[in-house]
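Let's walk through this fold together, one piece at a time. Keep the picture beside you as you read.

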Amino acid sequence: MSYFHWIAGGILALIWLSRLLDAALGMGKVADISLPVWNPKPDVPQPRVSIIVPARNEQEHIEQSLLQLLKLDYENCEVIAVNDRSTDRTGEMMDGIAARPEARGRLRVIHVAELPKGWLGKVYAMWTGAKQASGDWLLFTDADVLFKADVLNRAVAYAGSERADHLVLFPRMVMHSPGEKMMVAFFQTLFVFGHRPWKVADPRTQDHMGIGAFNMVRRSVYDAIGTFQALRFEVLDDMKLGKLVKNAGYRQRNVFGHDLISLRWAKGAMGMVDNLTKNFFAIMSFQWPRALATAFTLAFLNLLPFLGIWLAHGWARLPYAIALASLFGIYVGMSWMSDVPAYYFLLHPISSTLFVYIMLRSMVLTLARGGVVWRGTFYPLEELRKGMV
């Protein structure tokens, strides 16, 4: 048994220590555009930006979101809000905001009454909005994201300085409960593990990025990669947009911004379970062997260090201790960039178990239903597999 602990613990120690060192050396390369160096400067040319906001049944958030966009201190921009077949008051509220004096000439509302065959609702809404856009840049965002007034000035200034073609801004996650903090912390750990933000700018790597809260892309690049028509049946539209941009050889950047944009991802730990259920099997390309292997790998990497430190004896505990110390170091680093204290490391086994559950739940429900139910619309699994990028 001690041989098992030395081998398993050694693998875990090597993996987590290498990830800690990689993140410690690399994360400092990711810019923070909330710093004074990126303060808005007067008399700087402003390329036109079109902000596209798809929304389906977002009456809880849409008013505050659109009103904050209208308060941006970036003059040369337009907001295009797309009502994606909402069955609540979302469309009515959009029209009401568009009728206000401060919205005239700055906000347009498009209503999608019917979803064409072969499209996901959100993707079609974004494509529809982009067709009406007049900007040199297209900024795709979600209907529950809150913007500070200076964010666009800072983002455009950074993109111009870096000659970027695609810019992703990480949002501040608003969390109201320990369960939310626990789940966000684990998700951030996964992100550091699987999508290295500090490698995105390196054209020699395959690391890419895309976030639904803030995907800003040059119009010319958006057209060159095939627009959202290339992603019309892609569940992971935000990340896959980033993948298309990176694979086509364009310059991609991702940045921090403290609270320049913010959103509350889910209400409670189980709210996040529900939110991620539609995505996780898609991340596995809808392949059940891959989903099972990933669930096992998640359990091995994230649960065994905590179990092994108790089950092993004597010096065989050492590699598990190194793995745990490295994992804790990642939590410390994340606590500097988010509102999750480092001591949430102690809840890592619980969040790990829930994420394994999400993976298995996503797989089982998708296979049992023969597809994915998203915002009240059913999308067949066969079509989803065909539409993957």
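Helix α6 (residues 178-194) and helix α11 (residues 318-337) pack at an angle of about 105°, and their axes lie 11 Å apart. Because angles of 65 to 115 degrees count as roughly perpendicular, α6 is roughly perpendicular to α11. Axes here are lines fitted to C-alpha atoms, for helices over the stretch in contact, with angles from 0 to 180 degrees between N-to-C directions. Where they touch, A185, F186, Q188 and T189 of α6 meet L327, Y331 and M334 of α11; contact means heavy atoms within 4.5 Å. By class, this contact has 5 nonpolar, 2 polar and no charged residues (Ala, Val, Leu, Ile, Met, Phe, Trp, Tyr, Cys and Pro count as nonpolar, Asp, Glu, Lys and Arg as charged, and the others, Gly among them, as polar).

A word on the source: this is a predicted model, where local features need pLDDT of at least 70 and side-chain atom pairs pLDDT 80 or more, while totals for chains, interfaces and linings use all residues. Residues are numbered from 1 along each chain as its sequence is written, and side-chain values use heavy atoms, without hydrogens and water.

Now for the sheet. It is open, with 7 strands in the order β3-β2-β1-β4-β8-β6-β9 and mixed pairing. Helices (H or I, at least four residues) and strands (E, at least two) are DSSP runs, numbered from the N terminus, and two strands pair if DSSP finds at least two bridges between them. β3 (107-112) and β9 (252-255) each have a single partner strand, so one side of each lacks a neighbour in the sheet. Further in, β1 (residues 49-55) and β2 (residues 77-84) run parallel, joined by 7 bridges.

Terms used:
Angles under 35 degrees count as roughly parallel, over 145 as roughly antiparallel, 65 to 115 as roughly perpendicular and the rest as oblique.
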